[in-house]
Amino acid sequence: KVLILLFNLMLIVAAFKQLSLLDFAAISIIKKCSSSRSLYFAMTAITFMSSMLVTNDVALITFVPLTLIIAQKVRINALNLIVIQTLAANLGSSLTPVGNPQNLFIYSFYDMDIVNFFEITLPLVLVSTLLLLILILREKNHPLELEIKQVKIESMPKTAVYAALFVTVLLSVFHVIPYMTSAAAVWACVLFLDRELFAKVDYSLLLTFVAFFIFIGNISNMQGISGLMKSFLDTGRNTFLAGLISSQFISNVPAAILISNFTPYYRELIMGVNIGGMGTLIASLASVISYKLYVQQYPAKHYMRIFSLYNTAGLLLMVPFAMWLIGS
């Protein structure tokens with residue numbers, strides 16, 4: 001079920017990118033910016049909000065290149081803004097089941113109720129907003145004169161069709177309609193309208209899921225290892241810490257898949273792997289996307305320093321808050 005839902009989302013998002021829908025929305029907002037700080041707010045906000053619906057990876061693939069283009073036209077600190085955008089994508093995506101792969105997996109694996117899910121993630125996102133505001137307000141402000149050409153949406157009829165399909169997929173995620181019903185609708189429309197979209201799906205991510213499902217299945221059948229994992233993950237606090245720490249070394253998607261099979265504490269697991277997306281560069285593989293895009297145009301020597309500084313600030317704010325939530 002997780003693989004089919006994720007595949008459907010990837011197809012729809014690939015269609016949105018092909019239609020230039022996200023670029024159109026971003027440029028429409030950016031054209032109204034008159035200062036560097038308003039530009040920071042705009043780029044961070046659209047990355048933050050879009051990641052909730054089209055995943056953190058897609059938000060960064062779409063908007064970081066736009067930031068790099070803008071940085072060539074006006075005087076802004078591209079490095080700081082891209083690091084803030086990366087935080088915004090990782091933190092904003094934690095709100096919804098479709099915001100990132102680990103959320104979709106946990107939501108489906110534990111057969112969660114959507115209201116319960118938002119009760120867990122909404123406090124984290126509210127505090128995340130505070131963190132992002134603090135980082136933006138630290139940046140120097142100066143006037144901007146930005147001229148950037150508006151992007152046209154390729155086809156309004158197709159946009160309407162894929163928007164309707166996106167709603168259908170969301171309804172299947174939220175258990176309103178059967179997921180195979182939405183899958184049939186998506187596959188039929190894509191075959192008829194844009195069959196080349198099937199080639200634009202990130203099959204490596206889907207194969208990673210398959211590999212971890214097999215790996216976890218094998219571990220579950222090893223009584224010694226399985227027993228050890230279950231004994232350690234016997235409290236919510238330990239589950240949170242396991243998700244947080246393991247994410248730093250194997251990234252948060254594999255960490256979620258690994259830990260879920262040995263603990264009933266889904267609330268703490270959601271918090272652990274989403275907050276765990278901050279920290280090291282590989283804690284969230286979406287962060288690697290920003291890094292690769294940045295170093296294609298700028299030297300890499302200062303990136304890790306700023307990235308580590310901002311991510312450490314995020315962890316110092318979010319971890320105590322999460323521990324307070326767990327204890328309350």
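Predicted model: local features only at pLDDT ≥ 70, side-chain atom pairs only at ≥ 80, totals over all residues.
The largest nonpolar core comprises 116 residues, among which Ile-70, Ile-106, Tyr-162, Phe-240 and Ile-275 touch the most other members. Helix H1 (residues 2-18) supplies the largest share of this core, contributing twelve residues. In soluble globular proteins, nonpolar side chains tend to be buried together. For Phe-240, when residues up to four places away in sequence are not counted, the contacts comprise Glu-268, Met-271, Gly-272 and Ile-275, together with Val-319, Ala-322, Met-323 and Ile-326. Ile-275, one of these partners of Phe-240, is itself listed among the core residues that touch the most other members.

Two packed helices are described by the angle between their axes and the distance between the axes. In the pair formed by H6 and helix H13 (residues 252-260), the axes come within 8 Å and cross at roughly 20°, so that H6 runs roughly parallel to H13. The crossing of H6 and H13 is right-handed, and the contact involves Pro-101, Gln-102, Phe-105, Ile-106 and Phe-109 on the H6 side and Asn-252, Val-253, Ala-256, Ile-257 and Ser-260 on the H13 side. Ile-106, which takes part in this contact, is also one of the core residues that touch the most other members.

In the second pair, the axes of helix H4 (residues 56-73) and helix H15 (residues 285-295) come within 9 Å and likewise cross at roughly 20°, and H4 is therefore roughly parallel to H15. H4 passes H15 in a right-handed crossing. From H4, the contact is made by Asn-56, Asp-57, Leu-60, Ile-61, Val-64, Pro-65 and Leu-68, while H15 provides Ala-286, Ile-289, Ser-290, Leu-293 and Tyr-294. Tyr-294 also belongs to an aromatic cluster, in which ring pairs link this residue with Tyr-291, Tyr-298, Tyr-303 and Phe-307.

The structure holds 14 aromatic pairs. One of them, formed by Tyr-110 and Tyr-266, is tilted, with 5.5 Å from centre to centre and 45° between the planes. Because Tyr-110 lies in the loop between helix H6 (101-109) and helix H7 (114-137), whereas Tyr-266 lies in helix H14 (residues 266-275), the pair ties together parts that are 156 residues apart in sequence.

Tyr-40 is found in helix H3 (residues 36-54) and counts as buried at 3% relative accessibility. Apart from residues up to four places away in sequence, Tyr-40 touches Asn-77, Asn-80, Leu-81, Ile-84, Ile-136 and Glu-139. Ile-69, at a sequence separation of 29 residues from Tyr-40, lies 14 Å away in space, C-alpha to C-alpha.

Tyr-310, located in helix H16 (residues 303-327), is buried as well, with a relative accessible area of 4%. With neighbours within four places in sequence left aside, Tyr-310 is in contact with Asn-80, Val-83, Ile-84, Leu-87, Leu-135, Arg-138 and Glu-139. The C-alpha atoms of Tyr-310 and Leu-131 are separated by 9.6 Å, although the two residues are 179 residues apart along the chain.

Notes. Residues numbered from 1 in each chain as written. Heavy atoms only, no water. Phe/Tyr/Trp six-rings, centres within 6.5 Å; stacked < 30°, edge-to-face > 60°. Helix = DSSP H or I, 4+ residues; strand = E, 2+ residues; numbered from the N terminus. Core = buried A, V, L, I, M, F, W, Y, C linked by side-chain atoms within 4.5 Å. Buried < 20%, exposed > 50% of the residue type's maximum accessible area, 1.4 Å probe, protein only. Contact = heavy atoms within 4.5 Å. Axes fitted to C-alpha atoms, helices over the stretch in contact; angles between N-to-C directions. Parallel < 35°, antiparallel > 145°, perpendicular 65-115°, else oblique. Left-handed = near helix turned anticlockwise from the far one by under 90°.
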